[in-house]
Amino acid sequence: MIIKSAEFITSATKPSQYPPAMLPEIAFAGRSNVGKSSLINKLVNRRHLVKTSRTPGRTQLINFFDINASFTFVDLPGYGYAKVPAAVKKKWGPMIETYLTTRKTLKGVVSIMDIRRQPGLEEQNLAGWLGSYRIPILRVLTKSDKLSKTKQKKQVDLISFGLGLEKETLLLFSAKTGKGRDAVWRAIEALITE
Ligand code: GDP
């Protein structure tokens, strides 16, 4: 994918604030600090399009980005950060769920997981919602550079087993080395053009 332009459109908490639903959309979801901003920035070759917040969990809005005036990337607020007040946490689920279940142009969700972690309840809930709404899901295991090849393989086995999925459905990625960037793009392009 050749990136000609990548621009922030707007932030939203509710549907009335979303930009008009005109272009195919891909959303990115993951636990806070998982490497979601780094993944998006690496995909679009921009170092600071998505702000990598130094205080994880600070970005609690749904952020929309226009890519090449052809499709939209949506950065969903990271979940699971312990320091976020309970009242804010309570709004997360409904905010994300409303987006996922009402957005007509949503073509798929990139579910980002740290290759070193076992998927938790949040990842399972997300998969459950998406499944019931028949929204395609792309699973990316990031920070792969932090493990040796042997340990990567072991984690892929564990995570795929935990999620009840084929190993081949997990895409390994590293924002540090760029590993997996092309494969993730191919998968995203397939969703957009479907
Ligand atoms: P977000 O909260 O999910 O948006 O996570 P960030 O993209 O801000 O990343 C959180 C931390 O993990 C930062 O210190 C990043 O530099 C680091 N990080 C993100 N992706 C990778 C990766 O692929 N490899 C390594 N080694 N570090 C990463």
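The legends below describe close-up views of a predicted model.

**View 1. The salt bridge between arginine 103 and glutamate 25.** In this predicted model, six salt bridges are found when the whole structure is searched, and one of them joins arginine 103 to glutamate 25, with the closest N and O atoms 2.8 Å apart. The two partners come from distant parts of the chain, 78 residues apart: arginine 103 sits in the loop between helix H2 (86-102) and strand S5 (106-114), whereas glutamate 25 belongs to strand S2 (residues 25-30). Arginine 103 and glutamate 25 are both buried.

**View 2. The salt bridge between arginine 31 and glutamate 122.** Here the side chains of arginine 31 and glutamate 122 meet with an N to O distance of 2.7 Å. This pair, too, links distant parts of the chain, since arginine 31 lies in the loop between S2 and helix H1 (36-43) and glutamate 122 lies in helix H3 (residues 121-132), 91 residues apart. Glutamate 122 has a relative accessibility of 27%, which is why this residue counts as partly exposed.

**View 3. The salt bridge between lysine 167 and aspartate 157.** The side chains of lysine 167 and aspartate 157 form a salt bridge in which N and O are 3.2 Å apart. Lysine 167 is placed in the loop between helix H4 (149-163) and strand S7 (170-172), while aspartate 157 is part of helix H4 itself, the two residues being 10 residues apart. Lysine 167 is partly exposed, because its relative accessible area is 41%, and aspartate 157 likewise counts as partly exposed because its relative accessibility is 35%.

**View 4. Aromatic pairs around phenylalanine 73.** Across the whole structure, eight aromatic pairs are found. In one of them, phenylalanine 28 and phenylalanine 73 are arranged edge-to-face, with 4.8 Å from centre to centre and 70 degrees between the planes. Phenylalanine 28 is in strand S2 and phenylalanine 73 is in strand S4 (residues 71-75), so that the pair, 45 residues apart, links distant parts of the chain. Phenylalanine 28 counts as buried because its relative accessibility is 0%, and phenylalanine 73 is buried because its relative accessible area is 1%. The rings of phenylalanine 71 and phenylalanine 73 have centres 5.6 Å apart and planes at 55 degrees, and the pair is therefore tilted. Phenylalanine 71 is buried, as is phenylalanine 73. Through ring pairs, Phe28, Phe71, Phe73 and Trp185 are linked into a cluster.

**View 5. The shell of residues around the ligand.** The ligand is surrounded by 16 residues, of which the closest are Lys36, Ser37, Ser38, Asp145 and Ala175. By class, this shell contains two nonpolar, eight polar and six charged residues, and its largest share, three residues, is contributed by H1.

**View 6. Polar side-chain atoms facing the ligand's oxygen and nitrogen atoms.** An N or O atom in the side chain of serine 37 is 2.3 Å from an oxygen atom of the ligand, and a polar side-chain atom of lysine 143 lies 3.1 Å from an oxygen atom of the ligand. For aspartate 145, the ligand atom concerned is a nitrogen, which is 2.6 Å from an N or O atom in the aspartate side chain.

Conventions: Residues numbered from 1 in each chain as written. Predicted model: local features only at pLDDT ≥ 70, side-chain atom pairs only at ≥ 80, totals over all residues. Heavy atoms only, no water. Salt bridge = Lys/Arg side-chain N within 4 Å of Asp/Glu carboxyl O. Helix = DSSP H or I, 4+ residues; strand = E, 2+ residues; numbered from the N terminus. Buried < 20%, exposed > 50% of the residue type's maximum accessible area, 1.4 Å probe, protein only. Phe/Tyr/Trp six-rings, centres within 6.5 Å; stacked < 30°, edge-to-face > 60°. Near = heavy atom within 4 Å. Polar contact = N/O pair within 3.5 Å; in protein donor to acceptor, adjacent residues only side chain to side chain. Nonpolar A, V, L, I, M, F, W, Y, C, P; charged D, E, K, R; others polar.
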